[in-house]
Amino acid sequence: MIHDISMAISKDIQVYKNKEIKKPFFIDIANYSNGSVYETNMTFNLHTGTHIDFPLHIIEHGETSDSLELSDLIGEAIVIDLSKVQDGIHSCDFINYEIKENDFVLLKTKNSETDHFLFDYTYLAEDGASYLISKNIKGVGIDALGIERSQVGHPTHKVLLNNGLFIIEGLRLKGIIEGRYDFIILPLKISNVEALPARAILIDKA
Ligand SMILES: [Zn+2]
């Protein structure tokens, strides 16, 4: 079975802290009352819905979407159910899991239980990020629009991005059972930007 773990982008999609400027905006520039075709223009923040963050997001002169390798986008994922964690996810939350080299680690939390923005969303604390780095994983994904929550200096982003890990934000993991899956994430091909919206799927192991 294939599971779509991406957010659907619409004008009502949840955005970070519900800020109006971050909401997508759609306008039909042609329609059947003024012409013979239908065409939509869309304006949106690159951190809308499910997306990948690149170092430039947090680090001045950091790498951009141009650094992406296709091999970064396919692999094995372990979904870890941390629905009971209330605030930060720490290294101790991972001790019962076998995390393998080159895994994508996807953090399922209480955030997936609602489609509204949670101001107290569960996030990855710096020591949790350091633990994942020590496991030589490929990337980490979370079902929040931020991998961290108002930590001064963005330590979680920095430690992950400085160590070449991929950050995926805005996953939807409601109903996904903890375990191992094949994982594919395909972002839009936009040059030289700090984030890319993406479609992410999990495929059950044969
Ligand atoms: Zn982002």
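Visitor: How many bridges join strand E5 to E7, and do they run parallel or antiparallel?
Guide: There are 5 bridges between strand E5 (residues 74-81) and E7, and the two strands run parallel. Keep in mind that this is a predicted model.

Visitor: Which residues sit on each side of E7?
Guide: Phe104, Leu106 and Lys108 are on one side, with Val105 and Leu107 on the other. Both faces are covered, and the buried set includes Lys108. As background, side chains in a regular strand alternate between the two faces of the sheet.

Visitor: OK, on to the core. Which residues touch the most other members of the largest nonpolar one?
Guide: Leu124 and Val140, out of 40 residues in that core. Strand E12 (residues 195-204) gives the most to this core, with 5 residues.

Visitor: What is Leu124 in contact with, leaving aside its neighbours within four places in sequence?
Guide: The list is Ile89, Leu107, Ala129, Val140, Ile142, Ile147, Glu148 and Thr156. Leu107 is one of the buried E7 residues, and Thr156 is buried in helix H2.

Visitor: Let's do H2 then. Which of its residues are buried?
Guide: In H2, which covers residues 155-162, the buried ones are Thr156, His157, Leu160 and Leu161. Seen down the helix axis they fall within an arc of 115°, so they line one face of H2. The general rule is that an α-helix has 3.6 residues a turn, so residues three or four places apart point the same way.

Visitor: What covers those buried residues of H2?
Guide: The cover includes strand E8 (123-124), helix H1 (126-134), strand E9 (139-142) and strand E10 (166-169).

Visitor: Which residue just after H2 takes a positive phi?
Guide: Gly164, at about 75°.

Visitor: Which residues have a positive phi although they are not glycines?
Guide: Asn18 has a phi of about 55°, and Asn192 also has about 55°. For context, most residues other than glycine have a negative phi.

Visitor: Where do Asn18 and Asn192 lie?
Guide: Asn18 lies in the loop between strand E1 (2-4) and strand E2 (25-30). Asn192 lies in the loop between strand E11 (179-187) and E12.

Visitor: Are Asn18 and Asn192 buried or exposed?
Guide: Asn18 counts as exposed because it has 11 C-beta neighbours inside 10 Å, where the cut-off for exposed is 12 or fewer. Asn192 is exposed too, with 11 other C-beta atoms within 10 Å.

Visitor: Zooming out, how many helices and strands does the protein have?
Guide: It comes to 2 helices and 12 strands. From the N terminus on, the order is β-β-β-β-β-β-β-β-α-β-α-β-β-β.

Visitor: What is the radius of gyration, and what would a compact globule have?
Guide: The protein has 17 Å, which agrees with the value near 17 Å for a compact globule of 206 residues. Along the principal axes, the C-alpha atoms fill a box of roughly 60 × 40 × 35 Å.

Visitor: How much of the protein is buried?
Guide: Buried residues make up 35% of the 206. Among contacts with a separation of 6 or more, 72% are between residues 24 or more positions apart.

Key:
Residues are numbered from 1 along each chain as its sequence is written. This is a predicted model: local features need pLDDT of at least 70, side-chain atom pairs count only at pLDDT 80 or more; totals for chains, interfaces and linings use all residues. A nonpolar core is a set of buried Ala, Val, Leu, Ile, Met, Phe, Trp, Tyr and Cys residues joined through C-beta atoms within 7 Å. A residue is buried if 20 or more other C-beta atoms lie within 10 Å of its own, exposed if 12 or fewer, and partly exposed in between; C-beta atoms are placed from the backbone. Helices (H or I, at least four residues) and strands (E, at least two) are DSSP runs, numbered from the N terminus. Two residues are in contact if their C-beta atoms, placed from the backbone, lie within 7 Å. The radius of gyration is taken over C-alpha atoms; the globule rule is 2.2 Å times the number of residues to the power 0.38. The arc is that of the directions from the helix axis to the C-beta atoms. Two strands pair if DSSP finds at least two bridges between them.
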